[in-house]
Amino acid sequence: MRFAFTRWLSRHGLRWAALSLGFLITLSLAGYHLFVARYDQTSFIQRLDYLFYDWRFQLLDSGERFPRADDNIVIVDIDEASLKTEGRWPWPRDKVATLVNQLAEAGAVVVGIDILMSEPQLNPTRQLQQQALADGNADLAESLTPFLPLTEYDQILADSFANIDVVLPFLFQADDSLRIGQLPAPVYELTDDEAERLLVVEAEGYAGAVDRLQQAAVTAGSIVPTIDGDGTLRSAPLFTRYEDGLYPSLALAMGLTYYFLDGIELDVVPFNARLDVIDRLHFADKTLRVDAGRVLVPYLGPQGQFPYVSATDVIRGQADPDVFANALVLIGTSSVGLADLRTTPVGTQFPGVEVHANLLNGLLAGNFPYTPDYGHTMTAVLLLILGAFFTLVSNRLGPLALASATLLLLAALVSINFYLWLSQQMALPLASSVLLTAALGTLHLLEGFLSERRHKQQVTNVFGQYVPKAHIERMLSNPDAYGFEGENRDMTVLFSDVRSFTTISEKLSATQLKDLLNRYFTPITEVIFNHQGTIDKYVGDMVMAFWGAPLEDPEHPRHALEAAVAMIATTEALNPELQALGYPEIQVGIGLNTGPMNVGDMGSTYRRAYTVLGDAVNLGSRLESLTKFYGVKILIGPQTRAAINDWAFRPIDRIRVKGKTEPVAVFEPWGKLSDLSQQQRVELDALDAAYQLYLQQQWSAAKEAFSQLKTNSRRAKLYDVYLERIEILEQEILPEDWDGSFTHTSK
């Protein structure tokens, strides 16, 4: 009897194992959609669904799916040509006023500005008067008084708003201590019951336009994007809750202004026993589906679906005025340097201003793609049906029939999903059903393969005495068993960028520029490899590398820091050689950050790359861009600093970078503690004391301390930053919980 049971187990054990594993996978995926998927942004399944969602735009002509509004939507672009002609950004606000006046004269009806103006522009005449008085020249100060109105640029811009309906932008933040500028009136006031029960996108703080400008504008709209876990902008809030009001997005504010509406109407449905959710938005004569205030952006296609007019052409009166007849105009930028380019399903360098244009078009046309409330429940039911199908038929089909059935199911699932997108603009989850079908088909095929493998093992045992075992194993091995699958790891990322590279490149021919970069990249790459790093990519003059993958590296923060220091030294050693060849010197800025990242082989069927993604990666990039602002060569994040105990670091600042609300401390490495000079130790102590005065808002003492540091330090630009900042903070009323952090509103 025992022998018979052993034979039965040998014959049927694989079958039961396959069925049990298939049952577990099916229940796990169904449970994911019932309880987790609605809020998930980072799992592999969600990232795969993001990919399928993007394919809908890339493989199908969305311009034929989503209606284009009859209304005239135009983008005035602060492009590279505008910056070259009018000067670098930010422009004086009288120039922006000229732009607004020209649009009014050309017949535009509503202007939405996608550029935050949260700080007043200083009047240069008043500054000259103050300097003259400080120098004891009262007559000169008095003689300048007639010029004050001519250089009161904020007022000039505010006056231009009288000629046309202008909608200004503001940023919502999660930090309730950040309340800058002025908000418009809400478009919906919540009742007490709604304030308790309504589930909606919510904010705690804001950065709005300066009071003078906001009071002159007709209203304002939020420009905060909704970035998915993979860094792509697929949805956006049409309105956001702040305190007891709902405030519109820039697109919704422009639409309301266009239709002379003051507010919105909502349909609310129960979400559960304690919460309600907004199901519909009534806008003019249209009813729009929303998900807690958010909508999927109805991209009409790649960049350029709306007329673009260069801002410099408008300012100089060279634009065709017919383009702006009865137009809703969005003023924004496509310039790379102004960092308002987004990764979207239709492009990776997509101007943020055109995102607002697509949202505005969706509002005016009354059409947005959507995921129905029952979408995840329906997906869970479909997964259970697929699991039952494979359980019932897998043992009755041969390998070829099972493979064919699996492929047919996959084709049917994708086809039906895409059909619903094409006909109903319905975005249903697809990744789980595709994964389950592929997994169960593969699992049951693997069951048959393992049975066949037993036979191969017998062949190995028989012929092993005649040929080397390694030869047989090589013959039977599966080359597809090796790859770089995506995973989450704690890693360190490095971004390095050549400063003033545009200026350098303009002075060199294409051949010289190529030679210069090759001479620079070769030793820099060698440094990274020598310190166990992995090169991610080169983009122009930028180098991106990371530590901790594909090989595990417990010391990745230290190795990355040592590589960064060595890169600076290597660049300095390279400069004499470059100068001897007639090339300009190279100076680089480096940003380092440590944290959880998603690493793996990513991309499309046409091009792939082993790379890293995540918020920690984005912060590393921001730190590199801030090195010039603080006058340092290397900036590192807090987790990198915490992982290295035997180095000295100069505290630089507590910052909030664009798109983030939580402040982070950043540091500059000064070298190993054992090598630190007495002068450096004294400076670090003095900096700590000065910063404490700064946090305590003892402005006079702080200025004196930072001034002394500036006098004694060879790296004085940081102290200039604090001195300039204190001059501004002295004039402001700060919240009680002010923590000294500084918000960088540009990338």
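**Close-up 1. Aspartate 228 and arginine 234 meet through their side chains in a salt bridge, 3.0 Å from N to O.** This is a predicted model. Both partners of this pair are tucked away: aspartate 228 counts as buried because its relative accessibility is 9%, under the 20% cut-off, and arginine 234 is buried too, at 3%. Look around the pair and you will find a network of salt bridges that links Asp54, Asp228, Asp230 and Arg234.

**Close-up 2. Helix α5 packs with helix α8.** Here you can follow residues 93-106 of α5 alongside residues 153-160 of α8. Their axes lie 8 Å apart, at an angle of about 10°, which means that α5 is roughly parallel to α8. On the α5 side, the residues in contact are Arg93, Asp94, Val96, Ala97, Val100 and Asn101; they meet Tyr153, Asp154, Ile156, Leu157 and Ser160 of α8.

**Close-up 3. A salt bridge joins the side chains of arginine 93 and aspartate 154, with 2.8 Å from N to O.** Arginine 93 belongs to helix α5 and aspartate 154 to helix α8, so this pair ties together parts that are 61 residues apart in sequence. Aspartate 154 is buried, at 4% relative accessibility, and arginine 93 is buried as well, with a relative accessible area of 11%.

**Close-up 4. Glutamate 86 pairs with lysine 95 in a salt bridge.** The closest N and O atoms of this pair are 2.9 Å apart. Glutamate 86 counts as buried, with 12% relative accessibility.

Methods: Residues are numbered from 1 along each chain as its sequence is written. This is a predicted model: local features need pLDDT of at least 70, side-chain atom pairs count only at pLDDT 80 or more; totals for chains, interfaces and linings use all residues. Side-chain values use heavy atoms; hydrogens and water are left out. Axes are lines fitted to C-alpha atoms, for helices over the stretch in contact, and angles run from 0 to 180 degrees between N-to-C directions. Helices (H or I, at least four residues) and strands (E, at least two) are DSSP runs, numbered from the N terminus. Angles under 35 degrees count as roughly parallel, over 145 as roughly antiparallel, 65 to 115 as roughly perpendicular and the rest as oblique. Contact means heavy atoms within 4.5 Å. A salt bridge is a side-chain nitrogen of Lys or Arg within 4 Å of a carboxyl oxygen of Asp or Glu. Buried means under 20% relative accessible area, exposed over 50%, partly exposed in between (1.4 Å probe, protein chains only).
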